[in-house]
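Subject: Structure for you to look at

Hello,

Here is the structure I promised to pass on. Please open it and keep it beside this email while you read.

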Amino acid sequence: MTEWNVNPKDNVNGLKFGMDRESVRERLGAPAKEFKKSKYSKNTTDDYGGFHVFYDAENNFEAVEIFEGTVSVEGTVLFPGTLQNILDYDESFEKEDDGCTSVKLEIGVYAPDNCVESILIGCEGYY
């Protein structure tokens with residue numbers, strides 16, 4: 001997928017948060033690999049190359065981190081872009097050392113040197 005349409009806390013390209021892993025894989029195909037993102041991960045992550053899909057302890061879709069393509073949130077392109085573009089998009093984004101996060105929108109942005117390298121979209125309560 002090169003174009004991502006996000007409806008915060010609801011879905012990403014029609015993938016509804018809360019879908020089970022099997023349903024997500026039916027839509028996306030088999031991942032290139034499955035791995036634990038960190039020692040604190042509740043479950044394994046599906047790696048599709050340009051994006052990672054995260055699941056909760058019950059194997060339900062809870063977040064996607066995107067590294068490639070175009071990400072539009074409610075019609076506004078946020079990725080690719082700059083950290084300032086993200087901060088200007090919604091006042092709920094709080095700047096951090098290497099990016100920003102919006103708990104309201106459940107979106108986290110990794111942007112070292114002010115250039116967005118990845119954007120993570122989560123379900124309600126992810127952050």
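Start with a salt bridge: the side chains of Lys104 and Asp90 meet in one, at 3.1 Å from N to O. Lys104 lies in the loop between β11 and β12 (107–110), and Asp90 lies in the loop between α2 (83–89) and β10, so the pair ties together parts that are 14 residues apart in sequence. The two partners sit in unlike surroundings. Lys104 counts as partly exposed, at 47% relative accessibility. Asp90 counts as buried, because its relative accessibility is 13% and the cut-off for buried is under 20%.

One caution before you go on: this is a predicted model.

**The whole protein**

The protein has two helices and 13 strands. How does its radius of gyration fit a compact globule? A compact globule with 127 residues would have a radius of gyration near 14 Å, and the protein has 14 Å, so the two agree. The C-alpha trace spans about 35 × 30 × 25 Å along the principal axes. Of the 127 residues, 49% are buried.

How many salt bridges does a search of the whole structure find? The search finds nine. The Lys104 and Asp90 pair is a salt bridge, as you saw. Here are two further pairs.

Take Lys9 and Glu124. Their closest N and O atoms are 3.7 Å apart in a salt bridge. This pair links distant parts of the chain, 115 residues apart. Lys9 is in the loop between β1 (3–7) and β2 (11–12). Glu124 is in the segment after β13 (118–122). Lys9 counts as partly exposed, with 33% relative accessibility. Glu124 is exposed, and its relative accessible area is 56%.

Now find Arg25 and Asp46. They form a salt bridge too, with the closest N and O atoms 2.6 Å apart. Arg25 belongs to helix α1 (residues 21–28), and Asp46 belongs to strand β5 (residues 45–47). The pair links distant parts of the chain, 21 residues apart. Is Asp46 buried or exposed? Asp46 counts as buried, because its relative accessibility is 0%. Arg25 counts as partly exposed, at 25%.

Which residues join Arg25 and Asp46 in a network? Arg21 and Glu34 do: salt bridges that share partners connect the four residues into one network.

**Charge on the surface**

Look next at Glu94, Glu96, Asp97 and Asp98. They gather in a patch of negative charge on the surface. Asp97 is in the loop between β10 (94–96) and β11 (99–102). Asp97 counts as exposed because its relative accessible area is 83% and the cut-off for exposed is over 50%.

**Backbone points**

Most residues other than glycine have a negative phi, and most peptide bonds are trans.

- The peptide bond from Phe79 to Pro80 is cis, with omega near 0°. Pro80 lies in the loop between β9 (76–79) and α2.
- Asn13 is not a glycine, yet its phi is positive, near 50°. Asn13 is in the loop between β2 and β3.
- Glu74 has a positive phi of about 50°, and Glu74 is not a glycine either. This residue lies in the loop between β8 (70–73) and β9. Glu74 is exposed, with 55% relative accessible area.

**Sequence and space**

Two pairs let you compare distance along the chain with distance in space. Met19 and Tyr55 are 36 residues apart in sequence, and their C-alpha atoms are 9.3 Å apart. Met19 lies in the loop between β3 (15–16) and α1. Met19 counts as buried, at 18% relative accessibility.

The other pair brings you back to Lys104. Lys104 and Trp4 are 100 residues apart in sequence and 20 Å apart in space, C-alpha to C-alpha.

Best wishes

Conventions:
Residues are numbered from 1 along each chain as its sequence is written. This is a predicted model: local features need pLDDT of at least 70, side-chain atom pairs count only at pLDDT 80 or more; totals for chains, interfaces and linings use all residues. Side-chain values use heavy atoms; hydrogens and water are left out. Patches are made of residues with over 30% relative accessible area and no salt bridge: like charges are joined within 9 Å, nonpolar side chains (Val, Leu, Ile, Met, Phe, Trp, Tyr) within 5 Å. Accessible areas come from the Shrake-Rupley method with a 1.4 Å probe; for residues, only the protein chains shown count as cover. Lys and Arg count as positive and Asp and Glu as negative; His and the chain ends are not counted. The place of a charge is taken as NZ of Lys, CZ of Arg, CG of Asp or CD of Glu. Helices (H or I, at least four residues) and strands (E, at least two) are DSSP runs, numbered from the N terminus. Buried means under 20% relative accessible area, exposed over 50%, partly exposed in between (1.4 Å probe, protein chains only). The radius of gyration is taken over C-alpha atoms; the globule rule is 2.2 Å times the number of residues to the power 0.38.
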